[in-house]
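Student: Could we go through this structure together? I would like to begin with the sheet and then turn to the charged pairs.

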Amino acid sequence: MSMSGVVDLAAVKAAGEAKVKAEQARAETARQGGGGAVPPSALVIDVDEAGFERDVLQRSAEVPVVIDFWAEWCEPCKQLGPLLERLAQEYNGRFLLAKVDVDANQMLMQQFGIQGIPAVFAVVAGQALPLFQGAAPEAQIRQTLDQLIQVGEERFGLTGIAVDAAAAGPEGAEQGPAEVPAGPYDALLEAAVRALDANDFAGAVQAYKNVLSDDPANTEAKLGLAQAELLSRVQDMDPQQVRNDAAEKPGDVAAQIAAADLDLVGGHVEDAFGRLVETVRRNFGDDRDAARLRLLELFEVIGPEDPRVVAARTALARVLF
C-alpha cells in the first residue's frame, strides 16, 4: 500500500494559480445559478468516461474529488467502497467521492495507469494524484483525507461544497464554509483603475492584491489583477522580436508564452488560447505546468463565461487527461 498522494500534492508548483482557477470556477457556478446546497446523497456519485470532465475535472475546482476505482468481482473493493462512502457523508462536503467501475470504463483505468484495484486517486484543481491502492485501514484513510483537504484549502483555496442542513448526516457533522461578505473596497478599486489609466501597472497590481487579500472572491479585483499583470508583462516587449522567436523556436515554452500574451493584448484570443493548449500538449513537467498556468491566467482576463474560454478549457482537459 502506498499513501504517497498527499506528498505529491504538496509538491505541486505554483499553487496560487490553481487557487485562482478554483475561485474562478466557483464564481462562474454562482453566476449560472448553481453552487447551492446539495443533499448528502450527492456526495457520492457514479462516474463514467463520458461524464468524467464534468463530474470530476470541473468539480475538482471547488472540492477535492476522491476517485474509487472498483469492480463487482473485487472482494477488497466491497470492503473499501462502503467505508469511503461513509466517510464522504461524515466529512459533509469536504470532499466528493466518485466511483468508477473499471470493467465499464477501461479507458479511464488505462489513463490513470492502474495496475490493480481497489485504487484510490484524488483530483484537486485539475491535478490527478495517487492516494493508495488496496484496502487500507480506516485510520490511515482518515489521515490521508485530512491532509488532502488541508492542502486543498491552503494551496488551492478549495472550500468544499455546502450540504443541505435539513438533510444533514451524522449529528455534529461539519458544515460547508460560509461565504465571506465582500467589504467596501470602492476606494481601492478606484485607485487601481487610476493606476491603470496612468500605465502604472505595478501600482494597479498592488491595489488589486490589497482587495483580494481581504476578499479573495472579489470578481472585479480578480479580473483587474489579471489584466494589470498581463499589461505589465507586455509593456516592455518588442512585438516583432517576440513573434520572430515564437516562429523560429516552436519548442521554446517561454517564447510561446510571451507570444500568447501579445496575441491576447492584440485581440487574438483564440490564437492565444490555441498556442498555449498546443504548448501544453507538446511538453511535460515544469514546462507543461508553466504553459498551463499562463493559460489559466489568460482565462481570467477574458472571463469564465466567454465561449472561447469554455472551448479552450475543454481542449485543455483533453490534452491533460
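Predicted model: local features only at pLDDT ≥ 70, side-chain atom pairs only at ≥ 80, totals over all residues.

Student: In what order do the strands of the open sheet come?

Tutor: The order is β1-β3-β2-β4-β5, which makes an open sheet of five strands with mixed pairing.

Student: Which strands stand at the edges?

Tutor: The edges are taken by β1 (44-46) and β5 (127-133). Each has a single partner strand, so one side of each is left without a neighbour in the sheet.

Student: And what does the twist average from one strand to the next?

Tutor: The average is 25 degrees.

Student: How do β2 and β4 run, and how many bridges join them?

Tutor: Strand β2 (residues 65-70) and strand β4 (residues 119-124) run antiparallel, joined by five bridges. As an example, Asp-68 has Val-120 in β4 as its bridge partner.

Student: Which strands does helix α6 lie across?

Tutor: Helix α6 (residues 138-156) lies across β2, β4 and β5, and runs at about 15 degrees to β4.

Student: Changing topic: how many salt bridges does the structure hold?

Tutor: There are 19 salt bridges in the structure. One of them pairs Arg-94 with Glu-153, with 2.2 Å between the closest N and O atoms. This pair links distant parts of the chain, 59 residues apart: Arg-94 is in the loop between α4 (75-91) and β3 (96-101), while Glu-153 is in helix α6.

Student: Is Arg-94 buried or exposed?

Tutor: Arg-94 is buried, because its relative accessible area is 13% and the cut-off for burial is under 20%. Glu-153, at 33% relative accessibility, counts as partly exposed.

Student: What about Asp-263: which residue is its salt-bridge partner?

Tutor: Asp-263 pairs with Arg-243, and their closest N and O atoms are 2.9 Å apart. Here helix α11 (residues 253-265) supplies Asp-263 and helix α10 (residues 239-248) supplies Arg-243, 20 residues apart. Asp-263 is buried, at 4% relative accessible area, whereas Arg-243 is partly exposed at 34%.

Student: Where does Arg-294 lie, and what does its pair with Asp-261 tie together?

Tutor: Arg-294 lies in helix α13 (residues 285-302) and Asp-261 in helix α11, so the pair ties together parts that are 33 residues apart in sequence. The closest N and O atoms of this salt bridge are 2.8 Å apart, and both residues, Arg-294 and Asp-261, are buried.

Student: Which residues do salt bridges that share partners join into one network?

Tutor: That network consists of Arg-86, Glu-90, Glu-138 and Arg-142.

How values were computed:
Residues numbered from 1 in each chain as written. Heavy atoms only, no water. Pairing = 2+ DSSP bridges. Helix = DSSP H or I, 4+ residues; strand = E, 2+ residues; numbered from the N terminus. Axes fitted to C-alpha atoms, helices over the stretch in contact; angles between N-to-C directions. Contact = heavy atoms within 4.5 Å. Salt bridge = Lys/Arg side-chain N within 4 Å of Asp/Glu carboxyl O. Buried < 20%, exposed > 50% of the residue type's maximum accessible area, 1.4 Å probe, protein only.
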